[in-house]
Amino acid sequence: MESEWCNGEETGDEEAIMEKTEKEALYNAIQGFGVSCDLINEFWYVTDLSIGPLHDNSLTCTKNPEFRPQIFELKYLKSLSFYNCFISPQNLITLPTNNWEKLATRLETLEFRSNPSLIGSLPTVFSDLQQLQSLVLIENGITGTLPTDIGNLVHLKRLVLSGNNFTGRIPETIGSLKELLILDMSRNSLSGYLPTSIGYLNSLLKLDLSNNLLMGDIPSNIGNMKNLTLLDLRGNNITGGLTKSVEELESLQELVLSDNPIGGEISKIDWQKLQNLMILDLSNLGLSGEFPKSMIKLKKLRYVGLGNNHLTGYLPSEIANMSGVSAVYVNGNNLTGELKFSEVFYQRLGRRFGAWNNPSLCYTSGLMSTRHSPIGVKPCKSEDIFVNTTMKYELSSENGNVLRQHAAWIPSTTASNSLNPDIISSLGLSSCKIEGFWWSFLVESLMIVTLLNYFL
C-alpha cells in the first residue's frame with residue numbers, strides 16, 4: 001500500500017522512492033494515519049506524523065489505538081503529534097518510556113493533546129531529545145512529578161503541560177531553558193514555592209501557572225522578564241503582597257493574579273509604568289487601599305477586575321475618560337460615596353460595569369434612565385451625599401479673622417449645623433436652614449470661593 005502523502009508530487013520528482021525499511025516501518029507504525037515526507041539523499045523519509053484530527057491532512061485514529069515500537073524507527077522524524085486518540089476509559093494507554101532516544105537527533109516537535117486515557121508519568125528519557133523545540137502535553141491523564149532533567153532541553157521554545165495531573169514542585173532547573181518563549185503549566189496540582197530561577201527566562205513571552213497549588217511570594221526577580229506579555233498566576237495560594245518588580249515588566253499586556261490570598265496595598269505598584277497593559281485582573285486578592293489613580297493613565301487598558309477586595313474610598317470619575325476600557329469590576333469592596341459617571345458611561349459598559357456589594361456606594365440618578373443605572377447600586381438620597389472637605393482651607397472675614405475648616409467627611413444633614421453662619425453671610429446668602437439639592441449647591445459654591453481665596 002503506497003502512501004498518497006509520500007509520492008513525490010510536491011517536488012515533481014516521480015522517480016524518487018521510499019527506502020524499503022523506512023516504508024515498512026511507516027506502514028507498521030501508522031496503518032493509514034496522516035503523514036508528510038521529505039526527500040533526503042534521493043529517498044523519501046517521514047518527517048511529520050500527525051495522528052488524530054489535529055490538522056487537515058491528519059486522519060482519525062483507530063478504535064483501539066496503541067503505540068507500536070516501529071514508530072521509533074522513523075529516524076528522520078521531526079514532528080510527532082497525537083490528538084484525541086486515546087479517549088476510551090476502557091482502554092488506558094501508558095506513555096512509552098523507552099526508545100525515545102532513537103529520535104533524539106531529529107525530533108523538534110512532540111505533542112499529545114486531548115488524550116484522557118493516556119496515562120503514566122513524563123519519561124525522563126525525554127531529556128535526551130536535544131533538538132526538541134516544542135513539547136506540548138495538553139489535557140491528558142499524565143501524572144507524577146516533573147523530572148529535574150527537563151532543564152536539559154535547552155532548545156525548547158514552547159513548554160506546555162496544562163490540564164494534566166502533575167504534582168510536586170516546579171524544578172529550579174526550569175531556569176536553564178533560556179530560549180523558552182511560552183511556559184504553560186496551568187491546571188495541574190503543582191505545589192511548593194515559585195522557583196526563583198523563573199526570573200532567568202529573559203526571552204519568555206507568556207507565563208501561565210494558573211490553577212495549581214503554588215504558594216509563597218512572587219519572585220522579586222520576575223521583573224527581569226522584559227519581553228513578558230502574559231503573566232497568569234490565578235487560582236493558587238500565593239501570598240506576600242504585590243511585588244514591586246512587576247513595574248519592570250514593560251511589555252506586559254495581561255496580568256492575571258486573581259483568587260490568591262496575596263493581600264497588601266494595591267497602591268504599592270506604580271501602575272502607570274505598565275503602559276502596554278490591556279487586561280488587569282486583581283480580583284479576590286485581599287487588597288486594600290483606594291482605587292489607584294495611576295491606573296487611569298493606562299491608555300491601552302480594556303479590562304479592570306478589582307472585585308472582592310478591601311478597597312475603600314471614592315471611585316474616581318476619571319475612569320470614564322479611559323476610552324479603551326470596556327469592563328470595570330469593583331464589586332464586593334468597601335467603596336463609599338457617590339458614583340458620578342454619566343448615563344453614557346453606564347450605557348457603554350452595561351453589565352460589564354460591576355459595583356454591587358459596596359454597601360456605602362450610591363449613584364446619582366437625576367434624569368438617568370433606570371435601564372442604564374449600575375446594577376446592584378442604590379440611587380443616592382439626600383442623606384447619602386457626603387461633602388468632601390479633606391483639604392484645609394482658609395477664609396478671611398471682613399474684620400480680618402481667619403477661620404479654618406479641617407478634614408472631615410460630613411453628611412449634608414450635619415454639615416448645615418456645623419458650618420459657621422458668618423461664612424454663609426460673607427457669600428451674601430441667608431444663614432437659614434437649607435436642605436437637599438440647594439444645600440449641595442451651596443457647599444460646592446463655598447468650596448469654589450474658598451479655593452479662589454486660597455490661591456489668589
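**Close-up views of a predicted model**

View 1. In strand 4, Ser79 is the bridge partner of Asp48. The model shown in these views is predicted. Strand 3 is mostly covered, since 7 of its 9 residues are buried.

**View 2. A tilted pair of tyrosine rings.** The ring centres of Tyr45 and Tyr76 lie 4.4 Å apart and their planes meet at 50 degrees, so the pair is classed as tilted. Tyr45 belongs to strand 3, whereas Tyr76 sits in the loop between strand 3 and strand 4; the pair therefore ties together parts that are 31 residues apart in sequence. Are these two residues buried or exposed? Tyr45 has a relative accessibility of 5% and counts as buried. Tyr76 is also buried, with a relative accessible area of 13%. Residues count as buried when this value is under 20%.

View 3. Phe72 and Trp100 form an aromatic pair with 5.0 Å from centre to centre and 80 degrees between the planes, an edge-to-face arrangement. Phe72 lies in the loop between strand 3 and strand 4, and Trp100 in the loop between strand 5 (93–94) and strand 6; the pair links distant parts of the chain, 28 residues apart. Both Phe72 and Trp100 are buried. Ring pairs also join Phe67, Phe82, Phe86 and Phe112 into a cluster. In the whole structure, a search finds 16 aromatic pairs. A pair of aromatic rings is described by the distance of the centres and the angle of the planes.

**View 4. The largest nonpolar core.** This core has 104 residues, and those with the most contacts inside it are Leu159 and Trp271. Which strand gives the most to this core? Strand 3 does, with 4 residues. Other elements that each supply at least two residues include strand 2 (34–40), strand 6 (109–121), strand 7 (134–145) and helix 2 (343–349). In soluble globular proteins, nonpolar side chains tend to be buried together.

**View 5. The surroundings of Leu159.** Which residues are in contact with Leu159, leaving aside its neighbours within four places in sequence? They are Leu135, Ile150, Ile174, Leu177, Leu180, Ile182, Leu183, Asp184 and Met185. Leu159 is one of the residues with the most contacts inside the largest nonpolar core.

View 6. Strand 20, residues 310–313, and strand 22, residues 334–339, pair in the parallel sense over 2 bridges. Here Gly313 stands opposite Leu335 in strand 22. Strand 22 and strand 24 (360–363) each supply at least two residues of the largest nonpolar core.

**View 7. The chain as a whole.** The secondary structure of the protein chain comes to 5 helices and 29 strands. Of its 456 residues, 46% count as buried. The chain exposes about 22400 Å², of which carbon and sulfur atoms supply 50%. Among contacts with a separation of 6 or more, 55% are between residues 24 or more positions apart.

Terms used. Residues numbered from 1 in each chain as written. Predicted model: local features only at pLDDT ≥ 70, side-chain atom pairs only at ≥ 80, totals over all residues. Heavy atoms only, no water. Pairing = 2+ DSSP bridges. Buried < 20%, exposed > 50% of the residue type's maximum accessible area, 1.4 Å probe, protein only. Contact = heavy atoms within 4.5 Å. Areas by Shrake-Rupley, 256 points an atom, 1.4 Å probe, with all protein chains shown as cover. Core = buried A, V, L, I, M, F, W, Y, C linked by side-chain atoms within 4.5 Å. Phe/Tyr/Trp six-rings, centres within 6.5 Å; stacked < 30°, edge-to-face > 60°.
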